[in-house]
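Keep the 3D view open as you read.

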Amino acid sequence: MDGTNESNQGNFILLGFSDRPHLERILFVVILIAYLLTLVGNTTIILVSWLDPHLHTPMYFFLAHLSFLDLSFTTSSIPQLLYNLSGSDKTISYTGCAIQLFLFLGLGGVECLLLAVMAYDRFVAVCKPLHYMVIMNPRLCLGLVLIAWGCGVANSLAMSPVTLRLPRCGRHSVDHFLCEMPALIRMACVNTAAIEGTVFVLAVGIVLSPLVFILVSYGYIVRAVLQIQSASGRQKAFNTCGSHLTVVSLFYGNIIYMYMQPGNSSSQDQGKFLTLFYNIVTPLLNPLIYTLRNKEVKEALRRLLLHDREKKRVRVKGPDRHL
């Protein structure tokens, strides 16, 4: 019996953490605070990158896109999770589930590729500093971002329908807090070896290939940095790349574990908490990593705050009048 038609007519039940009711209230408070901080942190990065002329460079152009991605990525599932944690209703409509799956796959793929683009930007900045602004011109930067978006969306368009059309034989309970691909694959009542193989191949293309590119780029960066004579120059180069490398480590560590072993091979409980980590903790930490480790962002924030204070002071005192 094909359960696709049945699922089209009804809702899915997101089991989430319902087997641990004592944890739900605690998780609700913690996740709500983390989500609000994520919204504030990433919005701040976007506004600072846009408003401060000193940050109108390729690096901060990509960083603003990364912050927008993090906002979209976490918003695709966290509001639904908060709703489910707040009461006994754990349902999500078939359409909502399909949209959530599409956004989660698409935005996750875009972020993998965007991190590779940012690694290339750092490679050019460190290894070819004299030609940096010529190579990383606005047209190339925009083109690289569009390619990342296009490939991420294409990956989601390929995998979302295949996952949703798997026969489920009337099963509606998703053992997860969101409509995520491995959880939906586990619901199937047919052999999923073929789709798991397809997922693996696509994961190699959209997850591992960018990671290999990032590692190769940083290999060249490290070699170039070690050739710098001054200690201050080496420290500046490492600081420039350190934030990005930290973000890459956080994001890819979880993604590889989850998507290189889909379906029944992965631990369900472990998968929930890992997904929660890279869906809320990583987007929360990214703005902190870039602001705490980056003097330019901190100085831009200081300039904007001082500018706002100066404006308020002028409004309170009023313009000087010469009689």
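Of the 34 residues of α5, 25 are buried, so the rest of the structure largely encloses this helix. Buried here means under 20% relative accessible area. Bear in mind that you're looking at a predicted model.

How far apart are the end C-alpha atoms of α5, and does that agree or disagree with its 34 residues? At 1.5 Å a residue, α5 should span 50 Å, and its end C-alpha atoms sit 49 Å apart, so the two values agree.

Now look at what α5 meets. Helix α5 covers residues 94-127 and helix α7 covers residues 138-164; their axes come within 7 Å and cross at roughly 145°. That crossing is right-handed. As for who takes part, the residues of the α5 contact with α7 split into 20 nonpolar and seven polar, with no charged ones.

The biggest contribution is from α3, with six residues. This pocket has a volume of about 290 Å³. Its lining is made up of 17 residues, and the ones nearest the centre are His56, Thr57, Pro58, Tyr60 and Phe61.

What sort of residues line the second largest pocket: nonpolar, polar or charged? Twelve of them are nonpolar and five are polar, while none is charged.

Note on methods
Residues numbered from 1 in each chain as written. Predicted model: local features only at pLDDT ≥ 70, side-chain atom pairs only at ≥ 80, totals over all residues. Heavy atoms only, no water. Axes fitted to C-alpha atoms, helices over the stretch in contact; angles between N-to-C directions. Helix = DSSP H or I, 4+ residues; strand = E, 2+ residues; numbered from the N terminus. Left-handed = near helix turned anticlockwise from the far one by under 90°. Nonpolar A, V, L, I, M, F, W, Y, C, P; charged D, E, K, R; others polar. 1 Å grid on protein atoms, 1.4 Å probe; cavity = no way out; pocket = protein on both sides within 12 Å on 5 of 7 lines; lining within 4 Å. Points joined across faces, edges and corners; volume = space filled by probe spheres on them. Expected span 1.5 Å × (residues − 1). Buried < 20%, exposed > 50% of the residue type's maximum accessible area, 1.4 Å probe, protein only.
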